[in-house]
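Good morning, and thank you for making time for this presentation.

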Amino acid sequence: MPKLRPRAAVDIPSAKVDLATLTPDLATFLGKAAYLELAIFENLSRVVRTAPSTEAKSALSQVAGFALLKHQGLTAELARHGDEAADAMAPFVLEIDRFQRMTEGNDWFESVTSCYLTAGFLDDFLVRLAAGLPGAAGARVVEILEADSGESTIVAELLSAIEENPRLGARLAMWGRRLVGDTMLLARWMLRPSDNHDSDEAQIEPVFTELIAAHTRRMNALGL
């Protein structure tokens, strides 16, 4: 099983804007985040099974392992606070499964691109949202979510495929742009809105501006 390492991901500005006042209660946050990481692991496991080469299977299996470690870290945090992981995740299964179906992709290359772009966006989002979690729990959750996600491995696999078939790059560029809207909607669903819509939007907008910029850098890493 891979060990957690610092993320070798796309650079994110160090002066992060947080979403502390829109953070849900700890059990809700952990339930949503834990099931999301489980869904990411399941998606990565599917692309491992259908990978076109043994080398790709081996490389992406490690990436899947990183997602599983995040899931396990979040469920351990639930247990630390006396919550059953299955019960905490259950209310959020339908929404996250719906998102996964909408962003699954039509072939292996689109599926791998979805794993790379949506997981990166949502992990970055959850790190900011965790700023509102109480006490040491927030710091532990941030450490879990900021661990290596294997992005560099996915980039290497996709770049190799694009180099072999340059037309693939144009298709994946379109797919990557399509993913943004659905991913932002899921991120919004994870928030706990207040009664002041204008205030909420003022807080959300700069965060999403940062996250879209990071999404663009991930696309650029693939030459898209």
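Predicted model: local features only at pLDDT ≥ 70, side-chain atom pairs only at ≥ 80, totals over all residues.

Let me start with G150, which sits in the loop between α6 (135-145) and α7; helices here are DSSP runs of H or I with at least four residues, strands are runs of E with at least two, and both are numbered from the N terminus. Residues are numbered from 1 along each chain as its sequence is written, and side-chain values use heavy atoms, with hydrogens and water left out.

Is G150 buried or exposed? G150 is buried, because its relative accessible area is 2%; the classes are buried under 20%, exposed over 50% and partly exposed in between, with a 1.4 Å probe and protein chains only. Its contacts, meaning heavy atoms within 4.5 Å, are with V63 and F66 once neighbours within four places in sequence are set aside.

G176 counts as buried, because its relative accessibility is 0%. Beyond four places in sequence, G176 touches L117, H215 and M219.

I turn now to the cavities. On a 1 Å grid over the protein atoms alone, a cavity is a set of points where a 1.4 Å probe fits but cannot get out, and lining residues have an atom within 4 Å of a point. Points are joined across faces, edges and corners, and a volume is the space filled by probe spheres set on the points. How many cavities of 30 Å³ or more result from this rule? The count is two.

The largest cavity holds about 120 Å³ of space. Its lining comprises 15 residues, and those nearest the centre are I40, L44, A119, D123 and S149. Two or more lining residues come from each of α1 (26-49), α2 (54-80), α5 (108-129) and α7 (151-164). Of these, α5 contributes the most, with five residues. By class, the lining has nine nonpolar, two polar and four charged residues; Ala, Val, Leu, Ile, Met, Phe, Trp, Tyr, Cys and Pro count as nonpolar, Asp, Glu, Lys and Arg as charged, and the others, Gly among them, as polar.

The second largest cavity has a volume of about 50 Å³. I40, N43, Q100, T103, S114, C115 and T118 line this second cavity, with α1 and α5 as the elements that give two or more residues. Here α5 again provides the largest share, three residues. This lining divides into two nonpolar, five polar and no charged residues.

Next, the nonpolar core, defined as a set of buried Ala, Val, Leu, Ile, Met, Phe, Trp, Tyr and Cys residues joined through side-chain atoms within 4.5 Å. The largest such core has 70 residues, and F29, L44, F125 and L126 have the most contacts inside it. Helix α1 gives the most to this core, with 13 residues. Outside four places in sequence, L126 is in contact with F29, A33, L36, L145 and M190.

As for aromatic residues, the structure holds four aromatic pairs; rings of Phe, Tyr and Trp (its six-membered ring) pair if their centres lie within 6.5 Å, and planes under 30 degrees apart count as stacked, over 60 as edge-to-face and the rest as tilted. W108 and F109 make an edge-to-face pair, at 5.3 Å centre to centre with 85° between the planes. W108 is classed as buried because its relative accessibility is 13%, whereas F109 is partly exposed at 25%. F121, F125 and F208 form one aromatic cluster.

I close with two further residues. H71, in helix α2, is buried, since its relative accessible area is 10%. Its contacts beyond four places in sequence are A34, E37, L38 and M89. P193, in the loop between α8 (166-189) and α9 (197-221), is exposed, with a relative accessible area of 61%. P193 touches L22 and D200, residues up to four places away in sequence not being counted.

Key:
1 Å grid on protein atoms, 1.4 Å probe; cavity = no way out; pocket = protein on both sides within 12 Å on 5 of 7 lines; lining within 4 Å.
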